[in-house]
Amino acid sequence: LLTTLLIITILFQDGYSQRIRNEIDIPDILGYKTLKCDFHMHTVFSDGKVWPTVRVEEAWSDGLDAISITEHIEYQAHKEDIAVKHNRSYDIAKPRAIGLNLSLIKGAEITREMPPGHFNALFLNDAALLDKPEWQDAIKAAHTQGAFIFWNHPGWSGQQPDGKARWYDEHTELENSGMLHGMEVVNASEYYPEAHQWCLDKNLTMLGNSDVHGPIDMNYDSHKGKPRPVTLVFAKEKTPAAIKEALFSRRTAVYYNNTLIGKREYLEPIFYNSIQILNSTVVLKGKNREYVQISNDSEMDFELTIAGDILELDVPSTFTIHGGKTVIMAIRSKEEIYQGEKSIQLPFRVKNMKITPEEELSVVLELNVTQNN
Ligand SMILES: [Zn+2]
Ligand SMILES: [Zn+2]
């Protein structure tokens, strides 16, 4: 009987304990590693609902490289049950992060009324030093520690009922004193176009984070195609120091909801490193249709729309290059206006790659087409 129980126990544990990491497939670019990061989340040590080690295991499962657990300094929802210790969630999570090779960055959320609102400070030595009556002193205490400081959810309806982000004098004060380095362009499921534009105008780092409070699977499910928003950090290596350097150098993009937000200089290589035209040399006979195969190694579905006149060829005006797949683009000679070989540039816009709040990334697919009549 004992043996049977033991076997049942082992089977049970096996069935329930196997964990699977779901990698986020976005290519490395420009000699940098594309690290997938979430720099905003809570545990029971502020107003979250989970234990710190759970955040690490969730992040590993979601394919992340780095996280920061950012407890509210000023809002301790469970203080009747759990002692107020601003560094405690980091200390508890750290051994598990080391075990799973996940970079854990010590952070905290300075939580004030608007203006100036909420700010995350990353790369802290001691989060408890941010516990100050005046918001200016809290941010200064982070800055003194060399922290990377960003403005959280600028258009959050809890502080801006119309969902529109507003820039106040307090933000100018922070910007001018070098204590504002970035902004959440995406928080949870919200996108803030104003913040996106400010990042471009003021050269601030763009971030997209989950701000998760409950168990991650109650809000997202990376295994079912509903991943949390992440900040892509283009770092020299996967270390906290390299992530810090990249954040201060503004080398990030935001990936959420099958959409990429970021500067052209980063989105362009992500597109071209992901796709490959498998047969870029095509021979067309008369008005016959031919197929061009395009593969996509990334997990993103690139949604293309034609962006200009193509004199020589009929091509689809919209099509999707599905993530992890190979698709066919059917082409046909439009007019028999040339004979022989010609290089043809097909201009498209990628609908789900935003380089400004209004502008989509322009890309070119190049074909070498030989026309035989
Ligand atoms: Zn907040
Ligand atoms: Zn938060």
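Reader: Let's start with the second largest pocket. Which residues lie nearest its centre?
Author: Those are Arg19, Glu57, Glu58, Ser61 and Asp217, out of 13 residues that line the second largest pocket. Keep in mind as we go that this is a predicted model.

Reader: OK, noted. How much space lies in that second largest pocket?
Author: About 210 Å³.

Reader: And how does its lining split by class?
Author: The lining of the second largest pocket has 6 charged, 5 nonpolar and 2 polar residues.

Reader: What about the largest pocket, how much space is in there?
Author: The largest pocket holds about 410 Å³. Its lining is made of 20 residues, and Gly225, Lys226, Pro227, Asn257 and Asn258 are the ones nearest the centre.

Reader: How do those lining residues divide?
Author: For the largest pocket it's 7 nonpolar, 7 charged and 6 polar.

Reader: Switching to the metals. Which residues are the protein donors of the zinc ion (ligand 2)?
Author: His40 and His42, each through NE2, plus Glu109 through OE and Asp211 through OD. They lie 2.1 to 2.4 Å from the zinc ion (ligand 2).

Reader: Why is the arrangement around that zinc ion (ligand 2) irregular?
Author: Because the 4 donor atoms subtend angles of 78 to 164°. To count as tetrahedral, four donors need all their angles between 85 and 135 degrees.

Reader: How are those donor residues spaced in sequence?
Author: The pattern for the zinc ion (ligand 2) is H-x1-H-x66-E-x101-D. That links distant parts of the chain: His40 is in the loop between β1 (33-38) and α2 (52-61), while Asp211 is in the loop between β8 (205-209) and β9 (230-235), 171 residues apart.

Reader: Are His40 and Asp211 buried or exposed?
Author: Both His40 and Asp211 are buried.

Reader: Now the other metal. What are the protein donors of the zinc ion (ligand 1)?
Author: Glu109 through OE, His118 through ND1 and His153 through NE2, at 2.0 to 2.2 Å from the zinc ion (ligand 1). Their spacing along the sequence is E-x8-H-x34-H. Here too distant parts of the chain are linked, with His118 in strand β4 (residues 118-122) and His153 in the loop between β5 (148-151) and α5 (169-176), 35 residues apart.

Reader: Which residue bridges the two zinc ions?
Author: Glu109 bridges the zinc ion (ligand 1) and the zinc ion (ligand 2), and the two ions lie 3.5 Å apart.

Reader: And why does His118 count as buried?
Author: Because its relative accessibility is 7%, and buried means under 20%. His153 is buried too, with a relative accessible area of 4%.

Reader: Which strand gives the most to the lining of the largest cavity?
Author: β3, with 4 residues. β2 (66-72), α3 (88-99) and β3 (103-111) each supply at least two residues of that lining. Residues around the largest cavity include Ile69, His86, Tyr90 and Leu104. By class, the lining has 4 nonpolar, 4 polar and 2 charged residues.

Reader: What lines the second largest cavity?
Author: Its lining has Ile24, Pro227, Arg228, Val230, Tyr255, Tyr256, Asn257, Asn258 and Glu299. The volume of the second largest cavity is about 40 Å³.

Reader: How many bridges join β16 to β18?
Author: 2 bridges, and the strands run antiparallel. Asp314 stands opposite Arg332 in β18.

Reader: And which strand pairs with β15 over 4 bridges?
Author: That's β17 (residues 318-321), which pairs with β15 (residues 302-306) in the antiparallel sense. Thr305 stands opposite Thr318 in β17. β15 is also joined to β19 (residues 340-354) by 3 bridges, again antiparallel, and in β19 the bridge partner of Thr305 is Arg349.

Key:
Residues numbered from 1 in each chain as written. Chains lettered and ligands numbered in written order. Predicted model: local features only at pLDDT ≥ 70, side-chain atom pairs only at ≥ 80, totals over all residues. Heavy atoms only, no water. Donors = N, O, S within 2.8 Å, 3.2 Å for Na, K, Ca; no water. Tetrahedral: all angles 85-135°; square planar, octahedral: opposite > 155°, others 65-115°. Buried < 20%, exposed > 50% of the residue type's maximum accessible area, 1.4 Å probe, protein only. 1 Å grid on protein atoms, 1.4 Å probe; cavity = no way out; pocket = protein on both sides within 12 Å on 5 of 7 lines; lining within 4 Å. Points joined across faces, edges and corners; volume = space filled by probe spheres on them. Nonpolar A, V, L, I, M, F, W, Y, C, P; charged D, E, K, R; others polar. Pairing = 2+ DSSP bridges.
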